[in-house]
Amino acid sequence: MNYLNKALDEIDNPAVKAVLSGISLDSLKHADMYEAVKKLLEKPLPPLEPETLHEQRKLVEKHIEYEVRLIEKIENVLPEMRDERIRLVLAAILNDEKRHL
């Protein structure tokens with residue numbers, strides 16, 4: 001992944017740089033997820049306590065509400081956006097946010 005970070009430093013176009021940075025972050029996220037799977041396979045963990053589970057569920061629900069509002073805003077702006085570069089970036093964000101739901 002170091003090669004991608006080096007390449008990002010040389011890219012001047014902010015839209016292209018943002019998209020490639022997002023890909024890099026996705027790869028880091030996936031690496032963390034693979035590591036979590038490895039740890040689960042090596043040693044099973046005890047289940048979460050009900051209170052901990054409840055707090056984490058509330059956190060996720062609050063974040064989903066935020067993403068739903070963001071999706072609505074982008075969907076309202078996107079049809080009227082004339083600048084194709086901005087449309088591309090907003091469409092990429094919209095697709096990511098929808099995947100999170």
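Predicted model: local features only at pLDDT ≥ 70, side-chain atom pairs only at ≥ 80, totals over all residues.
Eight salt bridges were found in a search of the whole structure. Two of the pairs lie within single helices. In helix 2, Lys38 and Glu42 are four residues apart, which places about one helical turn between them, and their side chains form a salt bridge with an N to O distance of 3.8 Å. Lys38 is partly exposed, at 44% relative accessibility, whereas Glu42 is exposed, at 55%. In helix 4, Glu84 and Arg87 are three residues apart, again about one helical turn, and their side chains meet at 3.9 Å, N to O. Glu84 is exposed, with a relative accessible area of 56%, and Arg87 is partly exposed, at 26%.

A further salt bridge joins Glu75 and Lys98, whose closest N and O atoms are 3.1 Å apart. Because Glu75 belongs to helix 3 and Lys98 to helix 4, this pair ties together parts that are 23 residues apart in sequence. Both residues are partly exposed, Glu75 at 36% and Lys98 at 41%.

The largest pocket has a volume of about 190 Å³. Helix 2 (14-42) and helix 4 (84-100) each contribute at least two residues to its lining, which includes Asp26 and Asp96. By class, the lining residues are six nonpolar, one polar and three charged.

Val68, located in helix 3 (residues 50-77), is partly exposed, with a relative accessible area of 32%.

Definitions and conventions: Residues numbered from 1 in each chain as written. Heavy atoms only, no water. 1 Å grid on protein atoms, 1.4 Å probe; cavity = no way out; pocket = protein on both sides within 12 Å on 5 of 7 lines; lining within 4 Å. Points joined across faces, edges and corners; volume = space filled by probe spheres on them. Nonpolar A, V, L, I, M, F, W, Y, C, P; charged D, E, K, R; others polar. Buried < 20%, exposed > 50% of the residue type's maximum accessible area, 1.4 Å probe, protein only. Salt bridge = Lys/Arg side-chain N within 4 Å of Asp/Glu carboxyl O.
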